[in-house]
Amino acid sequence: MALTETDNSPHGLAQANAGFALDLHRRLAREGNLFYSPLSVSTVLSAALAGARGETAEQMAVALQLPSSTEELRAAFASLNTRFDELDAVPGVTLCLANALWPQAGRELLQAFEVVARDAYRASVRSVDYARPEEAREVINRWGAEKTRRMIGELVPPGALNEMTRLVLTSAVYFKGAWAEPFNERLTSDKPFWLNRREHVLVPMMAHEGYFPYARVKGLQILELPYAGEYLSMVVFLPRAVDGLSRLERAASMTRMRKWLTGLAPEDVTISLPRFQIRRV
């Protein structure tokens with residue numbers, strides 16, 4: 001779903017971002033674990049779109065499923081960011097989204113563009129000297145570590161910058177949320193987690209029973225787990241087949257996703273969910 005000129009609302013923007021996320025996932029999907037924030041990618045690229053013109057702007061808008069940069073679009077991003085600020089105030093939830101543009105020192109951006117980047121996209125502008133790429137990398141990485149409570153210590157890996165670099169876009173997200181209905185730690189026990197039809201490993205499996213938004217569709221189970229305050233939630237898509245993930249990824253579309261999510265209804269369910277950590281390696 002692409003955002004149209006007449007749907008520059010926060011809801012329409014969220015839908016467009018979801019469509020972009022699905023397209024991005026199809027390009028990034030690979031065997032193994034994958035964790036990323038499509039909203040971070042679309043936000044900083046949309047900030048760059050605000051300064052683009054001509055064919056560059058047109059191609060960026062098509063990829064992001066957005067109209068060319070307009071005042072209404074910027075207002076939608078500003079409204080969405082305000083909503084994120086409100087969610088950060090919910091007890092039991094910490095949500096921090098930070099964006100930054102890092103131009104080469106001495107090549108300053110237009111003041112009007114800096115105002116748009118700051119006000120609409122919450123993107124600060126900080127100059128660094130890429131003639132000293134390692135020093136520039138350290139500055140950017142310190143910013144990323146600060147914004148993510150030290151959870152991401154190396155936002156920019158070694159060798160990513162050089163003397164020819166002129167602009168870097170960064171986005172960092174930190175989220176910590178308590179479950180609306182916490183899992184009982186005493187019910188966690190080691191159970192098999194299947195890697196494929198033949199292999200499995202034993203993992204700590206959390207357990208819980210209660211009423212949650214749930215749906216069954218062909219070959220798929222969908223479960224929504226609300227966080228504290230029930231303004232945010234985790235949605236789990238579980239293929240019924242052990243090796244069904246790739247088929248799910250190919251089948252996912254905005255039309256199907258909307259149908260699946262609108263079909264969720266409270267149901268008494270027994271949940272088994274692996275306890276897991278995600279960290280950059």
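H2 passes H3 in a left-handed crossing. Keep in mind that this is a predicted model. H3 is the helix of residues 54-64. The axes of H2 and H3 come within 10 Å. Their crossing angle is roughly 155°. Angles over 145 degrees count as roughly antiparallel, so H2 and H3 are roughly antiparallel to each other.

Now the other partner of H2. Helix H1 covers residues 10-28 and packs against H2. Here the axes are 9 Å apart, and the angle is about 110°. The range 65 to 115 degrees counts as roughly perpendicular, so that is the label for H1 and H2. What is the hand of the crossing of H1 and H2? The crossing of H1 and H2 is right-handed. H2 with H3, remember, gives a left-handed one.

How many cavities of 30 Å³ or more does the structure hold? There is one. About 70 Å³ of space lies in the largest cavity.

Strand S1 gives us the next stop. Ala98 lies in S1. Is Ala98 buried or exposed? Its relative accessibility is 9%. Buried means under 20%, so Ala98 counts as buried. Now look along the chain from there. Ala98 and Tyr174 are 76 residues apart in sequence. In space, their C-alpha atoms are 8.7 Å apart.

A second pair, elsewhere in the chain. Thr262 sits in helix H8, residues 254-262. The sequence separation between Thr262 and Ala215 is 47 residues. Their C-alpha atoms are separated by 9.3 Å. Thr262 has a relative accessibility of 66%. The cut-off for exposed is over 50%, so Thr262 counts as exposed.

Last topic: backbone angles. Most residues other than glycine have a negative phi. Two residues here are worth a look.

Take Arg122. Its phi is near 55°, a positive value, and it is not a glycine. Where is Arg122? In the loop between helix H5 (111-121) and strand S2 (123-125). The relative accessible area of Arg122 is 32%. That falls between the 20% and 50% cut-offs, so Arg122 is partly exposed.

Then Glu230. Its phi is positive too, at about 60°, and again this is not a glycine. Which loop holds Glu230? The one between strand S6 (220-226) and strand S7 (233-239). Glu230 has 59% relative accessibility, so it counts as exposed.

A quick recap on H2. H2 runs roughly antiparallel to H3. H2 is roughly perpendicular to H1.

Terms used. Residues are numbered from 1 along each chain as its sequence is written. This is a predicted model: local features need pLDDT of at least 70, side-chain atom pairs count only at pLDDT 80 or more; totals for chains, interfaces and linings use all residues. Side-chain values use heavy atoms; hydrogens and water are left out. On a 1 Å grid over the protein atoms alone, a cavity is a set of points where a 1.4 Å probe fits but cannot get out, and a pocket is an open set with protein on both sides within 12 Å along at least five of seven lines; lining residues have an atom within 4 Å of a point. Grid points are joined across faces, edges and corners, and a volume is the space filled by probe spheres set on the points. Helices (H or I, at least four residues) and strands (E, at least two) are DSSP runs, numbered from the N terminus. Buried means under 20% relative accessible area, exposed over 50%, partly exposed in between (1.4 Å probe, protein chains only). Axes are lines fitted to C-alpha atoms, for helices over the stretch in contact, and angles run from 0 to 180 degrees between N-to-C directions. Angles under 35 degrees count as roughly parallel, over 145 as roughly antiparallel, 65 to 115 as roughly perpendicular and the rest as oblique. A crossing is left-handed if the near helix is turned anticlockwise from the far one by less than a right angle, and right-handed if clockwise.
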